[in-house]
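Me: I'd like to learn how to read a sheet and its aromatic pairs. Can you walk me through it?

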Amino acid sequence: SEGVHVVEFVAGWCRKCKTLNGKMEYFAVEHPEVTFDKIDVNMVPQDFIKSQNVTKMPTVKIFVSGKSVYEKVGFETVREILDELSFRLKQS
């Protein structure tokens with residue numbers, strides 16, 4: 001698909017995933033041109049998760065025009081992810 005797309009891969013049992021709650025949603029409100037999705041890895045077929053090479057949570061991926069351009073596995077803050085997203089938006 002065209003445009004910039006952010007996908008969060010999370011799990012209910014993941015503590016660090018809970019730190020993402022609300023932060024990406026806030027950014028989504030500020031940037032309606034970006035598509036955001038949150039995927040609970042326990043709620044979708046594992047073949048899909050494997051096809052995305054997701055092995056640890058949280059994993060955040062940024063896609064531009066359907067192509068994966070950034071991946072962050074685990075994190076201490078969302079600042080790095082948001083900085084990368086801002087960079088990708090300037091590039092697209």
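Reply: Two strands pair if DSSP finds at least two bridges between them; strands (E, at least two residues) and helices (H or I, at least four) are DSSP runs numbered from the N terminus. This is a predicted model, where local features need pLDDT of at least 70, side-chain atom pairs count only at pLDDT 80 or more, and totals for chains, interfaces and linings use all residues. Residues are numbered from 1 along each chain as its sequence is written, and side-chain values use heavy atoms, leaving out hydrogens and water.

Me: How many bridges join strand E1 to E2?

Reply: Strands of a sheet pair through backbone hydrogen bonds, either parallel or antiparallel. Here, E1 (residues 4–10) and E2 run parallel, joined by 7 bridges. For instance, His 5 has Thr 35 in E2 as its bridge partner.

Me: And in what order do the 4 strands sit in the sheet?

Reply: The order is E2-E1-E3-E4, in an open sheet with mixed pairing. E2 (34–40) and E4 (67–73) are the edge strands, each pairing on one side only.

Me: Now the rings: how many aromatic pairs are there?

Reply: Rings of Phe, Tyr and Trp (its six-membered ring) pair if their centres lie within 6.5 Å; planes under 30 degrees apart are stacked, over 60 edge-to-face, the rest tilted. That gives 2 aromatic pairs. Phe 9 and Phe 48 have centres 6.4 Å apart and planes at 35 degrees, so they're tilted. Phe 9 is in strand E1 and Phe 48 in helix H3 (residues 46–51), so this pair ties together parts 39 residues apart in sequence. Phe 27 and Phe 36, with centres 6.3 Å apart and planes at 75 degrees, are edge-to-face.
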